[in-house]
Amino acid sequence: MIKALPISLQLLLSYLLVAALPLAGLATFYLASFESLLRDTVLESMATIADKKVEQINNHISDRLIDVEQLRKRKIILERAASLGYLFRTGGLDAPDYQSAASQLRNDLKSANAISDYDDLLLMDTAGNVVFSFAQNRDLGTHLRQGPYRDTQLAKGFELAMQTRQARLTRFAPYAPAGNQPVGFLTAPVIANGMVKGVLALQLNARTLETVTVNRTGLGRTGETVLAQKDGSAVFYTAPLKHIQDAAYRYRVTLQEASLPMQAALVGAAGRGVMRDYGGIESVAAWRYLPTLGWGMVVKIDAREALAPAIRLRHISYLALALFLILSGAVAYFFGRRLSRPIQRLTEAADRIALGDFSGIRRSMTTMNWAGFRMPSII
C-alpha cells in the first residue's frame, strides 16, 4: 500500500518514522520523569509540613499539661481545694465563709496571672461537686456524677483524674457553659499528704490550636490542614474546612465515608500520596495521627496547584512538538516533492521509451541535469 503512495508522501512518512516519533518519545519520557520528580518533591514537602505541625501540637499540649501539673501543686490550690469543698457542702455557694474563700482564691489567681491562657479554672471535690469556677459559669455548684453535665468531657476528665491520679487532657467537644464552644479540659488530682483532696481542671478553648491548624505556610492557595476524631463508628471534623461551611465539630460522616488519608490517620498510620480528599478533589497529601488529642490530621494541597508546573510544561512541550512537526513536515514534504519531480519525469520517460516513444528523452535528460542528476547522452 505504501508503494502506491507518491514518492513525496513516502519520504514524509519516512521522516516522521525516523525523526519525529523518537523525538516525541523522548519528550514523553522527559515529561514523565519531571512529573515524577515534582510529585516526589511535593509529597516530601507535605510530609515535612505535617511532621512540623505534629511537633507544634504535641509541644502545645505538653506545655498545657505542665501548666496543670504546676498549678495543682501550688499552695493556694492545695489549701483551697479541701476547704472550698467543705464550705460548699456545709453552707452552699451563698454562705459568707464560702464567698470569702472563693473570692480570695480568685484574687490570688488573678494576681499571679496563673490562667491567662485558659477560659476557666475549676475545682471539684472528691464527690464530684464543682466547688469553684474562676469564670463563675453555670456549671459552678453542679454535681458531675448526677447533675446536668454528667455526660460532658468535664465529668469524664474528673473521673479519669480520680482513677489514674495523673494529669490528662479530655477530648474537645461543645460545652454548654462555654456557650457551646468546643473546649477541652486539662484535669489533674489535687493531692496533699498522699490523699486526693479534689480535682483541678483548666478549660482550654479549641481556638488555642488554630495558630497551628490554620497556618497555611507552604500550602499555597488551595492547601489546608484537616483534623478529625472518631466517635464510635463516626468521624467528625474538629477544624474548619475550605469546602464545607461551619464544619468544625458539626460535620460528621461515617468512617467509611471519610477520605482514605483520614481513615488511615485515625487508625494511627502515617503516610503520604496523591489521593481524593473529603470533597472528592485529587490532592497531594500527608497524614499523621495525634495521640495526645486522639485526632487524625491530613495536610494537603490540590493536585492541580501542586503539580501545576508539570501540567504547564506538558502543554508547552506538546504545543512546541506539534509546531515543530508541522513546520518540519511541511519543509520535508516540499523538498520531497522537489526531489521526486525529476524522478517521476524520468520514470514517465522510461515508460514512453518502453512504448517506443523517443520524443521526450532529451527533455527528460535536461530536467534531470537541472535537478543535479548527470545522465550520459544516448542520442
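The lining of the largest cavity comprises eight nonpolar, two polar and three charged residues. In this classification, Ala, Val, Leu, Ile, Met, Phe, Trp, Tyr, Cys and Pro are nonpolar, Asp, Glu, Lys and Arg are charged, and the others, Gly among them, are polar. The model is predicted: local features need pLDDT of at least 70, side-chain atom pairs count only at pLDDT 80 or more, and totals for chains, interfaces and linings use all residues. Residues are numbered from 1 along each chain as its sequence is written, and side-chain values use heavy atoms, with hydrogens and water left out.

The largest cavity has a volume of about 70 Å³. A cavity is a set of points, on a 1 Å grid over the protein atoms alone, where a 1.4 Å probe fits but cannot get out; a pocket is an open set with protein on both sides within 12 Å along at least five of seven lines; lining residues have an atom within 4 Å of a point. Grid points are joined across faces, edges and corners, and a volume is the space filled by probe spheres set on the points. One cavity of 30 Å³ or more is counted. Its lining holds 13 residues, with Ser-259, Asp-277, Tyr-278, Val-298 and Lys-300 nearest the centre. Helix 6 (260–266), strand 10 (271–276), strand 11 (282–290) and strand 12 (295–302) each give two or more residues to this lining. Helices (H or I, at least four residues) and strands (E, at least two) are DSSP runs, numbered from the N terminus.

The largest pocket holds about 320 Å³ of space. It is lined by 23 residues, and Pro-182, Glu-210, Pro-240, Ala-248 and Tyr-249 are the closest to its centre. Strand 5 (181–192) and helix 5 (210–213) each supply at least two lining residues. By class, 13 residues of the pocket lining are nonpolar, six polar and four charged.

Ala-176 sits in the loop between strand 4 (173–175) and strand 5. Ala-176 counts as partly exposed because its relative accessibility is 25%. Buried means under 20% relative accessible area, exposed over 50%, and partly exposed in between (1.4 Å probe, protein chains only). Leaving out residues up to four places away in sequence, Ala-176 touches Arg-138 and Tyr-149; contact means heavy atoms within 4.5 Å.

Overall, the protein has nine helices and twelve strands. Of its 379 residues, 42% are buried.
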